[in-house]
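Dear colleague,

I am passing on the structure below, together with some notes on what came out of it. Please look it over before reading on.

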Amino acid sequence: MPFFPGSLYSRGVAVQNEFSGWVYPVPIWKGREPKISDGWGSPRPGIEMGHRGVDIMYPRHEGEPKHAPYGSARHVMFPNVPALAACDGIVEKSYEGKYGHAVVLNHGKWFTYYTHMANRLVQKGDKVRAGQALGTISGSPTESGKGLKHLHFEMWLNGKKAVDPERYIKKWPKVTMDGDRIGIVPFIPFIALGIIVAILA
Ligand SMILES: [Zn+2]
């Protein structure tokens, strides 16, 4: 296909390249695909422009919790689901604020903001990789009024101007995680140490 400067085609290519290496900030969890449960601009008390980001949860299946903190009429959030770094970057901020634990990542042109977490696994200045866990998704003390568990995710152009993330994130690949599977791998160092101690004793 020929290259036309300024055409839709060339702009499409530019967008694709800009976000290569980015991943969806919530994993596929036990086979369940995350999705946006509340989008940009939804009414928020005290914020004239409304919701400044997207909320991410999982579609609710029959019989799953319908009430906060784990579910609503259409969406659920499972325990221990991590928020994931959307791209390689540096931790600009890591703090506990009025919306729960929060992390801001600096990716250069773009910053990403993650909040409503129960804890944080990274500190200011840390280098993070795309898909790295930043903290455990929790409920908001204020948003939705009832502390419904969900990730609140924002994208800031040039570090400050919040833009609607939906059109970007829906193209990013998702990381697959299985909340049940721990496996033997994390215990190998301890098993090895046990064998060494047994031999030396
Ligand atoms: Zn939100």
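This is a predicted model: local features need pLDDT of at least 70, side-chain atom pairs count only at pLDDT 80 or more; totals for chains, interfaces and linings use all residues.

**The nonpolar core**

The largest nonpolar core has 34 residues, and among its members V26, A83, A85, Y114 and L151 touch the most others. A nonpolar core here is a set of buried Ala, Val, Leu, Ile, Met, Phe, Trp, Tyr and Cys residues joined through C-beta atoms within 7 Å. At least two residues of this core come from each of β3, β5 (82–84), β7 (100–106), β8 (110–117) and β11, and the largest share, 5 residues, is supplied by β8. When neighbours within four places in sequence are left aside, A85 is in contact with L105, V128, R129, A130, G131, Q132 and L134, where contact requires that the C-beta atoms of two residues, placed from the backbone, lie within 7 Å.

Residues are numbered from 1 along each chain as its sequence is written. The pLDDT, which is the predictor's confidence in each residue on a scale from 0 to 100, has a mean of 86 over the protein chain, with 82% of the residues reaching 70 or more. Residues 1–11, however, have a pLDDT below 50, and beyond near neighbours in sequence this stretch has 5 contacts in the model.

**The chain as a whole**

The protein chain has 3 helices and 13 strands; these are DSSP runs numbered from the N terminus, with helices (H or I) of at least four residues and strands (E) of at least two. Of its 201 residues, 32% are buried, a term that asks for 20 or more other C-beta atoms within 10 Å of the residue's own, with C-beta atoms placed from the backbone. Among contacts with a separation of 6 or more, 58% are between residues 24 or more positions apart.

**Strand β3 and its partners**

Strand β3 (residues 54–59) is mostly covered, with 5 of its 6 residues buried. Two strands count as paired if DSSP finds at least two bridges between them. Strand β2 (residues 35–38) runs antiparallel to β3 and is joined to it by 3 bridges, with D38 standing opposite D55. Another 3 bridges join β3 to strand β11 (residues 151–157), again antiparallel, and here V54 has F153 as its bridge partner. Strand β4 (residues 75–76) also pairs with β3 in the antiparallel sense, over 2 bridges, and V76 in β4 stands opposite Y58.

With best regards

How values were computed. A residue is buried if 20 or more other C-beta atoms lie within 10 Å of its own, exposed if 12 or fewer, and partly exposed in between; C-beta atoms are placed from the backbone.
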